[in-house]
Amino acid sequence: MEPSPAAPPVAPERLFDSHRLPGDGLLLVSLLLYAPVGLCLLLLRLFLGLHVFLVSCALPDSAPRRFVVRVMCAVLGLFVRQSQAGDRQEQTRHRHRGEPRVFIANHITHFDHNVLHLLASCSAPALNGSSGFICWSRGFLEVGGAESRGELLESLKAYSAQGDTPPLLLFPEETTTNGRVGLLRFSTWPFSILDAVHPVALQVQRPFVAVSVADASWVTELLWTFFVPFTIYQVRWLPAVCRAAEEPREEFAHRVQQLLATELGMASTRLTAADKAEHLKRLRHSSSVSYSLPAPTNSVEGRSHAPHSAAPVEEGHLAGVAQRVQEVLPHVPLAVIHRDLAQTNCVDATIANLLEGRVPFLPSEGETEACSIAPSGSGAPAAASTPATARVKVFARSPEARHLSLQERKRALYDYARRKYTEKYGVALREGNH
């Protein structure tokens, strides 16, 4: 079932944590006090972790081996719990019969496959092109054709056809999230291997710091795992889900995604791993240009950060209002408008932020001329229907006069954009005020 159109979209910022340390002052002070103990635990667990790795390599894959390694991982601060639901026996019978042989789980950390392997025999294929010792030591299954999606599917189908191999463990999100807000859109290729899958709901908890950071490597995540006092993985096994007759793979994948989202109490989004890559790209770009943005120096600039009551934006109409703002400012990308509206919740504040350069963005193609209005010092509109495109022909001699003239042009351009928006969507703005 498709999500309700009125449901507010989930912004990428809510799905991925960009900072490891907590923002709460009390938690930060507690982390600083804990730091000496954490460093001692880190050094000790690095030594013990080597023994856990050697034991897991020496013992064959079996229930006793998984129990021993699970106990040793508890010493490393990794506690794994699984739900004792009534459908667990049914899942055991499914595995004894040999199907379904595909586990579908949400993805939170770089070690989700290792944790699930402590509870059930399964193999997670390496999909990032890694091979050799690193791939084997991390517990991944090296398969052929990982560079091509078609060859990969053929390899995994051939692997699943063998009756003596462990079930496959796949993460259709194809990248990690923070595990708190929503699930990324499931890729359809994991559901092309077999017509029956076992959904696995995974939740991770950790004190002091974030469970995962969007751009962190697996080595960094491992060190933080050894540093914190403990990390709790909660695993819930859901009943097997079978694809209905003539059901498209896309609908089958979406149905499993909705099932896992409901079980975890999160949203089922349409964002993908490509959106995460784009989000990280924007974060790097923003951090590289933020140091050059001028700080507000007068009351006119300071007003754009204050909450406005002229045009509040309801969450349900955020996408539509962002589209309307782009019609007024066509050189601004829609994603930038949408992100700033989600933060300001006000059309006036967003328009002011975009015109005065507080929100960094790259102008859309074909609109670079419009983008030069604000920085080039364009003149004020002479009428409500005339855009502010006239160049300034008189250059003031004193810095004070030039600064005042620039602020006047900014204000005139802002008033023109707001007036144009109000004239075109005045009814919608009045509705938003209620």
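The structure holds nine salt bridges. The model is a predicted one. Side chains of opposite charge can pair when their charged atoms come close. Arg66 is buried, because its relative accessible area of 15% falls under the 20% limit. Asp61 is partly exposed, at 37% relative accessibility.

A second salt bridge joins Asp195 and Arg249, with the closest N and O atoms 2.9 Å apart. Asp195 sits in the loop between S6 and S7, whereas Arg249 belongs to helix H9, so the pair ties together parts that are 54 residues apart in sequence. Both partners are partly exposed. Asp195 has a relative accessible area of 39%. For Arg249 the value is 23%.

Glu263 pairs with Arg236, and the closest N and O atoms are 2.8 Å apart. Glu263 lies in helix H9 and Arg236 in strand S8, so this pair links parts that are 27 residues apart in sequence. Glu263 is partly exposed, with a relative accessible area of 36%. Arg236 counts as buried, at 18% relative accessibility. Salt bridges that share partners also build a network, whose members are Asp195, Arg243 and Arg249.

Helix H9 covers residues 249-264. The buried residues of H9 are Phe252, Ala253, His254, Val256, Gln257, Leu260, Ala261 and Leu264. Just after H9, Gly265 takes a positive phi of about 70°.

Glu246 has a phi of about 60°. Glu246 is found in the loop between S9 and H9. This residue is exposed, because its relative accessible area of 80% is over the 50% limit. Phe208 has a phi of about 75°. Phe208 is found in the loop between S7 and H8. Its relative accessible area is 22%, which makes Phe208 partly exposed.

Trp224 is partly exposed, with a relative accessible area of 22%. Which residues does Trp224 touch, not counting those up to four places away in sequence? They are Arg20, Leu21, Arg206 and Val209. Arg20 lies 204 residues from Trp224 along the chain, yet their C-alpha atoms are separated by 9.5 Å.

The patch consists of Leu43, Leu46, Val219 and Leu223, with about 340 Å² of accessible area together. Helix H2 (25-58) and helix H8 (218-227) each supply at least two residues of the patch. Leu223 has its place in helix H8. Leu223 is partly exposed, at a relative accessible area of 36%.

The UniProt record, an unreviewed entry, places a "transmembrane region" at residues 31-55. In the model this stretch is 100% helix and 0% strand. Its end C-alpha atoms are 32 Å apart.

The protein chain as a whole contains 17 helices and 10 strands. Of its 434 residues, 43% are buried. Residues 24 or more positions apart account for 75% of them. The chain exposes about 22700 Å², and carbon and sulfur atoms supply 60% of that area.

Conventions
Residues numbered from 1 in each chain as written. Heavy atoms only, no water. Helix = DSSP H or I, 4+ residues; strand = E, 2+ residues; numbered from the N terminus. Expected span 1.5 Å × (residues − 1). Buried < 20%, exposed > 50% of the residue type's maximum accessible area, 1.4 Å probe, protein only. Patch = residues over 30% accessible without salt bridge, like charges linked within 9 Å, V, L, I, M, F, W, Y side chains within 5 Å. Areas by Shrake-Rupley, 256 points an atom, 1.4 Å probe, with all protein chains shown as cover. Salt bridge = Lys/Arg side-chain N within 4 Å of Asp/Glu carboxyl O. Contact = heavy atoms within 4.5 Å. UniProt positions renumbered as here; feature names shortened; annotations may be inferred.
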